[in-house]
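Welcome to this short tour of a single protein chain. Please keep the viewer open and follow along as we go from charged pairs to a pocket and a few loop residues.

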Amino acid sequence: MATDADTDRAVDDFIDAFERHDFGAGVASLTSESTWQMPPFDRWYRGATNSAVLAWTHCPAKAAGDLTFRKARANGQPALGMYLRK
């Protein structure tokens, strides 16, 4: 079972990968059991690679520094707000 420190590290790895626009690190930051749903898209994506492909092909970020994240908690679990810098 993951500890709070493990969860915090996983969230930090995810944020770091996406803020650096590093696809390989993005895939590595997700588990094979990942499920991703990103409004306004009506589909659910399963698995690390499928989830990361969705993010990289549908997100308007094109380079490192385009995205920034803010950590939060929702229903006792980690949550993130993602912002596109202009």
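Predicted model: local features only at pLDDT ≥ 70, side-chain atom pairs only at ≥ 80, totals over all residues.

Residues are numbered from 1 along each chain as its sequence is written, and side-chain values use heavy atoms, with hydrogens and water left out.

**Charged pairs**

Side chains of opposite charge can pair when their charged atoms come close. Here a salt bridge is a side-chain nitrogen of Lys or Arg within 4 Å of a carboxyl oxygen of Asp or Glu. By this rule there are four salt bridges, and the table shows three of them.

| Salt bridge | N to O distance |
|---|---|
| Lysine 71 and aspartate 12 | 2.4 Å |
| Arginine 20 and aspartate 16 | 2.9 Å |
| Arginine 20 and aspartate 22 | 3.0 Å |

Helices (H or I, at least four residues) and strands (E, at least two) are DSSP runs, numbered from the N terminus. Where do the partners sit? The salt bridge between lysine 71 and aspartate 12 links distant parts of the chain: lysine 71 belongs to strand β3 (residues 67-74) and aspartate 12 to helix α1 (residues 4-20), 59 residues apart. Lysine 71 is exposed, at 52% relative accessibility, whereas aspartate 12 is partly exposed at 36%.

Arginine 20 and aspartate 16 are both in helix α1, four residues apart, which is about one turn of the helix. Asp16, Arg20 and Asp22 are joined in a network of salt bridges. Arginine 20 is partly exposed at 39%, aspartate 16 is partly exposed at 37%, and aspartate 22 is partly exposed at 26%.

**The largest pocket**

Rolling a probe the size of a water molecule over the atoms shows where empty space is left. On a 1 Å grid over the protein atoms alone, a pocket is an open set of points where a 1.4 Å probe fits, with protein on both sides within 12 Å along at least five of seven lines, and lining residues have an atom within 4 Å of a point. Grid points are joined across faces, edges and corners, and a volume is the space filled by probe spheres set on the points.

The largest pocket has a volume of about 640 Å³. Its lining holds 20 residues, and those closest to its centre are Phe14, Leu30, Trp36, Pro78 and Leu80. Helix α1 and strands β1 (35-37) and β4 (77-84) each supply at least two lining residues. Strand β4 gives the largest share, six residues. The lining divides into 13 nonpolar, seven polar and no charged residues; Ala, Val, Leu, Ile, Met, Phe, Trp, Tyr, Cys and Pro count as nonpolar, Asp, Glu, Lys and Arg as charged, and the others, Gly among them, as polar.

**Residues in the loops**

Serine 34 lies in the loop between α2 (23-28) and β1. Is serine 34 buried or exposed? Serine 34 is buried, at 12% relative accessibility. The serine 34 side chain reaches the backbone oxygen of threonine 31 at 2.7 Å.

Histidine 21, in the loop between α1 and α2, has a positive phi of about 60° although it is not a glycine. Asparagine 75, in the loop between β3 and β4, also has a positive phi, near 55°. Histidine 21 is partly exposed at 24%, while asparagine 75 is exposed at 81%.

Methods. Buried < 20%, exposed > 50% of the residue type's maximum accessible area, 1.4 Å probe, protein only. Polar contact = N/O pair within 3.5 Å; in protein donor to acceptor, adjacent residues only side chain to side chain.
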